Amino acid sequence: MEYNGPVILVLDFGAQYSKLIARRVRECGVYSIILPYNTPTEKIKKLNLAGIIFSGGPASVHQPGAPLPSRDLFELGVPILGICYGTQIFAHMLGGKVEPARYKEYGIAFLNHQGNTDLLKNIPSPTQVWMSHGDQVSKLPSGFSALGNTENCSYAIIGNDEKKFYGVQFHPEVVHTPEGTKIISNFLHKICNVNTPWTMENFITNSIKKIKEIVGNEKVLCALSGGVDSSVTAVLIYKAIGDNLHCVFVDNGLLRKGEPEMVEKVFRNHFHINLHIVDAKTRFLSALKGVTDPEEKRKTIGNLFIEIFEEEAKRLGNFSFLAQGTLYPDVIESVSATGGPSSTIKSHHNVGGLPEKMNLKLLEPLRELFKDEVREVGRQLGLPDEIIKRHPFPGPGLGVRCIGEITEERLNTLREADAIFIEEIKKANLYDKIWQALVCLLPVKSVGVQGDERTYKEVCTLRAVVSEDAMTADWFKFPHEFLQKVASRICNEVHGVNRVLYDITTKPPATIEWE
Ligand code: XMP
């Protein structure tokens, strides 16, 4: 399913912003991919390469073992844009000099143009840019000239027009560089001369064609969760192969209020997709009886899901493919600050391990896309906002939000409290401003007074966070009146709760979910 149009390669030197750079390139209508800085040139040569962007990174070029690209890349004849550390690479490897800046620059600076370059076409001078660097270029590499400066940085932009190598010491990808996307767009359209647009409309047309070719008359099985990734995967495949797609939705009893009904309405009634809903509520409840350890809960839920899914697949007949909603951020080979792989903090159980076990080929039509692109594809395919804008929901569902033992009664309590929280968030028009909002039910009882009666009931916590990619998160600042309203509704309307807390922990140190 590889895209074969022109590609911009973002070469990752461990930058915190590599994904953001790749996303900005795509926002400019050009396809981009991210590869680690030490990717063999042979592999890079196989791409339909229109240009390369060297990401920034936390290292100094003088550090022993500093990440540096292969020299061959300078001989490929494609334009290269260096960002921050990427600029210093030019100076370090092509005969210039990099030194610690006399004044380290973090934050806003103003860039003045020097000379005339396509990179700065239609950009005002001066213009605000975002700086974040300790080292900087102190002597230009041969063939380069200065194209822009700031008060503390004489070489804020350098370039070699003949070779089409450019370096910017600031970060054009962040919002604090208001003209940054235009600078990136100038690089793509005026320097790399890419003119085949990467649009979701083209993506849909090409994907449908490719899915048809790959699948032929065989049958595809898809595990539908109601989340945006599996939903878009299902509808895209359905458009290609119609009734040869079968979707299985397992109702594990750990879902939010109204969820199974919503999935049925959208997929069966609206799209007319073959949808098989498995009522497995009792099986999950009995498997989870007495389980309180978070990892054991996840494993129990994940394993039972696989068991049920396999049974259903067998019952439905012969499948050749398993569809999965894998996205591009799941497959990027990342360079961590230490150079090593990042560790798994929680085991995320979805349908991992299934294809090998069931001897199925994988069909992952969204593998090239970022989340915002998936949402756009969903929108164009006619999926409702209810699904497209839906907050992430973990595979083990309310199971990891019902802290302590999972019982039907506690799940019902949690489901009702959760529904009130989400309903109020939507009413206050805050849903789209929040990455994720959730309620956890704690196995802690406290004394309360309701009416004239003393009560002894459980506590629930509200959590709402803002985040870019769930790796870090900050708590959402609700107005106090909002929190008061939700707390009062939950205590009045939900049997089993008499105290409501708001979780104000960031990630790290906490995670978004409680278990
Ligand atoms: P944490 O709690 O690790 O969560 O900060 C980060 C994001 O991942 C979601 N999450 C999961 N998603 N299966 C999933 O598909 C899982 O097992 C799982 N556990 C956590 C979580 O909701 C948040 O968006």
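Figure 1. Welcome to the overview: the chain holds 15 helices and 18 strands. Please keep in mind that this is a predicted model. Along the principal axes, the C-alpha atoms fill a box of roughly 80 × 60 × 40 Å. How does the radius of gyration of the chain agree with that of a compact globule? A compact globule of 515 residues would have a value near 24 Å, and the chain, at 26 Å, agrees with this.

Figure 2. Of the 515 residues in the chain, 55% are buried. Turning to contacts with a separation of 6 or more, 76% of them come from residues 24 or more positions apart.

**Figure 3. Helix α5 beside helix α6.** Two packed helices are described by the angle between their axes and the distance between the axes. Here helix α5 spans residues 200-215, and helix α6 covers residues 228-241. The axes of α5 and α6 come within 8 Å and cross at roughly 65°. The crossing, in which α5 passes α6, is right-handed. From α5, the residues to look for are F203, I204, S207, I208, I211, K212 and V215; they meet L236, I237, K239, A240 and I241 in α6. Sorted by class, this contact of α5 with α6 has 9 nonpolar, 1 polar and 2 charged residues.

**Figure 4. Helix α6 beside helix α12.** Now we follow α6 to another partner, helix α12, made of residues 371-381. The two axes come within 10 Å, with a crossing angle of roughly 45°, and α6 and α12 are therefore oblique to each other. Which hand does the crossing of α6 and α12 have? It is left-handed. On the α6 side, V228, D229, V232, V235, L236 and K239 make the contact, while α12 brings K371, V374, R375, V377, G378 and L381. By class, the contact of α6 with α12 has 7 nonpolar, 1 polar and 4 charged residues.

**Figure 5. K314 in helix α9.** This view turns to K314, a residue of helix α9, which runs over residues 294-316. Is K314 buried or exposed? Its relative accessibility is 72%, so K314 counts as exposed. For a sense of distance, take Q88 as a reference: K314 and Q88 are separated by 226 residues in sequence and by 58 Å in space, C-alpha to C-alpha.

Note on methods: Residues numbered from 1 in each chain as written. Predicted model: local features only at pLDDT ≥ 70, side-chain atom pairs only at ≥ 80, totals over all residues. Heavy atoms only, no water. Axes fitted to C-alpha atoms, helices over the stretch in contact; angles between N-to-C directions. Helix = DSSP H or I, 4+ residues; strand = E, 2+ residues; numbered from the N terminus. Parallel < 35°, antiparallel > 145°, perpendicular 65-115°, else oblique. Left-handed = near helix turned anticlockwise from the far one by under 90°. Contact = heavy atoms within 4.5 Å. Nonpolar A, V, L, I, M, F, W, Y, C, P; charged D, E, K, R; others polar. Buried < 20%, exposed > 50% of the residue type's maximum accessible area, 1.4 Å probe, protein only. Rg over C-alpha atoms; globule rule 2.2 N^0.38 Å.
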